Amino acid sequence: MQLPEGNDCPLPPGEVVNRWALRVDGYLGGRANLHWRVSRGGRPLVLRRYQEKPIGDIGYELRVLQRLDALGWPVPVAVDELLVVDGRTWCLFTWLPGASPTVTESRSEQRALGRLLARLHADLETLVDLGQRPGCQRAEALLADPVLRRRLRDYERLFPEQARILRWHVDRANECFDALDLRDRRLIVIHSDFGLPNLLYQDGKLTGVIDFEGTHLNHRASDFALGWRAKRDEIVRGYDEVRPLDELDWALLTPALWSWVFLGVADEIHAMTTGAIKPHGFDWQVGVLRRRSPLMGVAGVPYPDLPR
């Protein structure tokens, strides 16, 4: 893995480095979470600084990784206890070789990704005894949250058209969920951010499945969100070749995707309306929501102003 060069990369605090007797070998970057390649006693490791408000209980993520490692998956596992310094949580993980592949968007690449997710799910579904991750919700609960509805109304004062698009898709997704009988639906532990950027390969061999930060209990259809995004249909078809989707899975595909798009939206709107961040139009979220795929079926009714 190529490390960034230059002297402008952030460094972990000395307390963390000294506590774990680390040598910092390079900065690996990150968005919400930051990562460094480090070593201890000559052993390469990865140091992670979690975002200020981690997604759910970090211990749950670490237990999922331990279980998958025991099942033979190349995943990073913690090598020490969590460390909290200056209000941030730090974790030390095993180093995995390889690099994320260049995305070509080919049909064969998408199919292979779907088949890999199906194989991962075969083992993730054995982890349901872990229960739900504290601080996380199922897809339907996230969109039914009255706080999200209230803040979308607040957001309409800032960006009326974007707010209407967001609210329309929330309402449509809730209609889809309400029409389904999910009372006895079997859930699985999902990766929650499964896609090529979070896979590592070396010499054509899978050497890492990384970034389980959002792993939790949900519908298996929710794990298509990052990879599929209503435009890479071959991922879903590849999965279906290995682990056939039933009628309810197909019906969940669209509302589960839309639910994933709204992760963090309520908090971000609150930050805008309180002046903590500059208001913006949720361009990425709106762009994903306005996509339509043949796999959506009856759930993929166009937003009223979309060209037909």
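Student: Which strands form a hairpin, and how many residues lie between them?

Tutor: Let us begin with the conventions. This is a predicted model, in which local features need pLDDT of at least 70 and side-chain atom pairs count only at pLDDT 80 or more, while totals for chains, interfaces and linings use all residues. Residues are numbered from 1 along each chain as its sequence is written, and side-chain values use heavy atoms, with hydrogens and water left out. Helices (H or I, at least four residues) and strands (E, at least two) are DSSP runs, numbered from the N terminus. Two strands pair if DSSP finds at least two bridges between them. Here β7 and β8 form the hairpin, with 2 residues between them. In the turn, Asp203 has a positive phi of about 55°.

Student: How many bridges join β7 to β8, and which residues are partners?

Tutor: Strand β7 (residues 199-202) and strand β8 (residues 205-209) run antiparallel and are joined by 4 bridges. Leu200 has Gly208 of β8 as its bridge partner, and Leu199 has Val209 of β8.

Student: What is the strand order in the open sheet of 5 strands?

Tutor: The order is β1-β2-β3-β5-β4, and the pairing is antiparallel. The edges are held by β1 (23-29) and β4 (83-85), each with a single partner strand, so one side of each has no neighbour in the sheet. From one strand to the next, the twist averages 30°. Within this sheet, strand β3 (residues 43-49) and strand β5 (residues 88-94) run antiparallel and are joined by 5 bridges. Leu45 stands opposite Thr94 in β5.

Student: Which helix packs on the sheet, and which strands does the helix touch?

Tutor: Two ideas are needed. Contact means heavy atoms within 4.5 Å. Axes are lines fitted to C-alpha atoms, for helices over the stretch in contact, and angles run from 0 to 180 degrees between N-to-C directions. Helix α2 (residues 58-70) packs on the sheet and touches β3 and β5. The direction of α2 makes about 5° with that of β5.

Student: At what angle do α3 and α8 pack?

Tutor: An angle is given a name by its range: under 35 degrees is roughly parallel, over 145 roughly antiparallel, 65 to 115 roughly perpendicular, and the rest oblique. Helix α3 (residues 107-124) and helix α8 (residues 233-242) pack at about 45°, with their axes 6 Å apart. The two helices are therefore oblique to each other. A crossing is left-handed if the near helix is turned anticlockwise from the far one by less than a right angle, and right-handed if clockwise. The crossing of α3 with α8 is right-handed. Among the residues in this contact are Arg107, Gln110 and Arg111 of α3, and Glu234 and Ile235 of α8. By class, the contact has 6 nonpolar, 4 polar and 7 charged residues. For these classes, Ala, Val, Leu, Ile, Met, Phe, Trp, Tyr, Cys and Pro count as nonpolar, Asp, Glu, Lys and Arg as charged, and the others, Gly among them, as polar.

Student: Is Glu234 buried or exposed?

Tutor: Glu234, which lies in helix α8, has a relative accessible area of 5% and is therefore buried. Leaving aside neighbours within four places in sequence, Glu234 is in contact with Arg107, Gln110 and Arg111. Other buried residues of α8 include Asp233 and Tyr239. The buried residues of α8 pack against α3, α7 (225-228) and α9 (247-261).

Student: How do α5 and α6 cross?

Tutor: The axes of helix α5 (residues 146-155) and helix α6 (residues 160-178) come within 9 Å and cross at roughly 160°. These helices are therefore roughly antiparallel to each other, and α5 passes α6 in a left-handed crossing.

Note on methods
Buried means under 20% relative accessible area, exposed over 50%, partly exposed in between (1.4 Å probe, protein chains only).
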